[in-house]
Amino acid sequence: MKRPLLTALLTLTGLALAQSAVPVRLDLTLSLVRSVKVDGKATEQLTPNPGAVLPGQVLSQVVTARNTGTTALKNVPITLPVPKNTFYLAPEQGLSGARAEYSFDGGKTFGSAPLKKTVTVTENGKTVRKEVEVKPSEYTTVRWTVAELGAKQALKLGYRIQVK
């Protein structure tokens with residue numbers, strides 16, 4: 001997949017970010033994650049705004065939330081959809097400790113991981129309903145609740161996705 005997928009990823013994400021509370025400014029950085037050897041050691045290399053992405057490649061989506069106001073904000077929700085043609089892998093390590101919740105229904109409902117859903121299956125010729133764990137690859141949206149975002153303060157939130 002070439003630039004059209006990347007453009008679609010950025011456009012869809014930008015639309016979701018625009019829904020955030022004022023005076024919070026959100027900036028998205030999308031980076032290609034690659035494993036490279038430096039001095040014989042395997043290390044990660046992030047390439048911001050890659051020109052093209054291919055199936056199987058991993059991307060890091062990081063949103064910087066900045067309070068542009070003069071007073072602290074409490075319980076700030078920040079929602080970021082998992083872009084189409086990708087699937088969620090894991091939270092980005094080393095970023096803010098804001099509470100994350102996940103959705104597997106396009107952002108209609110959210111819950112803490114691991115999410116559960118009820119499915120109907122046939123066992124021994126009978127139809128039964130079972131509760132099963134939702135795989136992270138089924139997540140469609142991530143929402144963080146930032147307990148407090150001080151005046152002029154910024155924090156980073158994010159996750160990794162893989163191109164389908």
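**Reading labels in a predicted model**

Mentor: In this predicted model, Asn-75 has its place in strand 4, which covers residues 73-81.

Trainee: Why is Asn-75 called exposed?

Mentor: The relative accessibility of Asn-75 is 54%. Exposed means over 50%, so Asn-75 counts as exposed.

Trainee: What is noted about the phi of Asn-75?

Mentor: Phi of Asn-75 is near 50°, which is a positive value in a residue other than glycine.

Trainee: Where is Asn-49 found, and what is its phi?

Mentor: Asn-49 is in the loop between strand 2 (41-48) and strand 3 (58-67). Its phi is positive, about 45°, although Asn-49 is not a glycine.

Trainee: Why is Asn-49 called exposed?

Mentor: Asn-49 has a relative accessible area of 52%. The label requires a value over 50%; therefore Asn-49 is exposed.

Trainee: What makes Thr-86 buried?

Mentor: Thr-86, in strand 5 (residues 86-91), has a relative accessible area of 5%. Buried means under 20%, so Thr-86 is buried.

Trainee: Which backbone oxygen lies 2.5 Å from a polar atom of the Thr-86 side chain?

Mentor: That oxygen belongs to Pro-83. A polar contact requires a pair of N or O atoms within 3.5 Å, and the distance here is 2.5 Å.

Trainee: What makes the peptide bond from Ala-113 to Pro-114 cis?

Mentor: The bond from Ala-113 to Pro-114 is cis, with omega near 0°. Pro-114 itself lies in the loop between strand 6 (99-103) and strand 7 (116-123).

Definitions and conventions:
Residues numbered from 1 in each chain as written. Predicted model: local features only at pLDDT ≥ 70, side-chain atom pairs only at ≥ 80, totals over all residues. Heavy atoms only, no water. Helix = DSSP H or I, 4+ residues; strand = E, 2+ residues; numbered from the N terminus. Buried < 20%, exposed > 50% of the residue type's maximum accessible area, 1.4 Å probe, protein only. Polar contact = N/O pair within 3.5 Å; in protein donor to acceptor, adjacent residues only side chain to side chain.
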